[in-house]
Amino acid sequence: MEFWPIVFWAAAAYNAVIGAGSLLQPGAPREGRVIGLLVVAFGVVYAIVALDPVRFGPMLWAGVLGKAGVVALMAPAVREPGTPKALGWILAGDAVFGVLFLAFLLGFG
């Protein structure tokens, strides 16, 4: 398998795991569950891109915007007391995938 489909399948799995965790968390507020559902939905998009990156690759612009936005909005919370340490790791994963998506879209690799 080529490099880019592996990246996109990994992004799909990443979003499925992170999103399902939020969606299925006992006692999670409705807003948290909605966010989890949207994260899972983006994972479906990445899986579709993995099937045919040339054809569906432009959909990754939504992923670049979403991942950059999540990192920008949530990064300040990493330093707040009581914030789970996992948030930093999750944001790091989003940043890595966002950069990889951008590299694909700009023709690197």
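## Ground rules

Local features are taken where pLDDT is at least 70 and side-chain atom pairs where it is 80 or more, while totals for chains, interfaces and linings use all residues of this predicted model. Residues are numbered from 1 along each chain as its sequence is written, and side-chain values use heavy atoms, with hydrogens and water left out.

## Overall fold

Let's start with the big picture. The chain has five helices and zero strands, and from the N terminus its elements read α-α-α-α-α. Here helices (H or I, at least four residues) and strands (E, at least two) are DSSP runs, numbered from the N terminus.

The radius of gyration of the chain is 14 Å, close to the 13 Å from the globule rule for 109 residues, so the chain is as compact as a globular protein of that length. That radius is taken over C-alpha atoms, and the rule is 2.2 Å times the number of residues to the power 0.38. The C-alpha trace spans about 40 × 25 × 20 Å along its principal axes. Of the 109 residues, 30% count as buried (under 20% relative accessible area; exposed is over 50%, partly exposed in between, with a 1.4 Å probe and protein chains only).

## The largest pocket

Next comes the open space. The largest pocket holds about 740 Å³. Of its 26 lining residues, I18, I35, V39, V70 and I90 are the closest to the centre. A pocket is an open set of points on a 1 Å grid over the protein atoms alone, where a 1.4 Å probe fits, with protein on both sides within 12 Å along at least five of seven lines; lining residues have an atom within 4 Å of a point. Grid points are joined across faces, edges and corners, and the volume is the space filled by probe spheres set on them.

Helices α1 (3-23), α2 (30-51), α4 (60-74) and α5 (86-105) each give at least two residues to this lining, and α2 gives the most, with seven. By type, the lining divides into 16 nonpolar, eight polar and two charged residues (Ala, Val, Leu, Ile, Met, Phe, Trp, Tyr, Cys and Pro are nonpolar; Asp, Glu, Lys and Arg are charged; the others, Gly among them, are polar).

## Aromatic pairs

The whole structure has nine aromatic pairs. Rings of Phe, Tyr and Trp (its six-membered ring) pair if their centres lie within 6.5 Å; planes under 30 degrees apart are stacked, over 60 edge-to-face and the rest tilted. F3 and W4 make an edge-to-face pair, 4.9 Å centre to centre with 75 degrees between the planes. W4 is buried, at 12% relative accessibility.

The ring centres of F8 and F101 are 6.0 Å apart and their planes meet at 50 degrees, so this pair is tilted. F8 belongs to helix α1 and F101 to helix α5, so the pair ties together parts 93 residues apart in sequence. Ring pairs join F3, W4, F8, Y14, F42, Y46, F97, F101 and F104 into a cluster.

## The salt bridge

One salt bridge turns up in the whole structure, where the term means a side-chain nitrogen of Lys or Arg within 4 Å of a carboxyl oxygen of Asp or Glu. K67 pairs with D94, and their closest N and O atoms are 2.9 Å apart. The partners come from distant parts of the chain, K67 in helix α4 and D94 in helix α5, 27 residues apart. Both K67 and D94 are buried.
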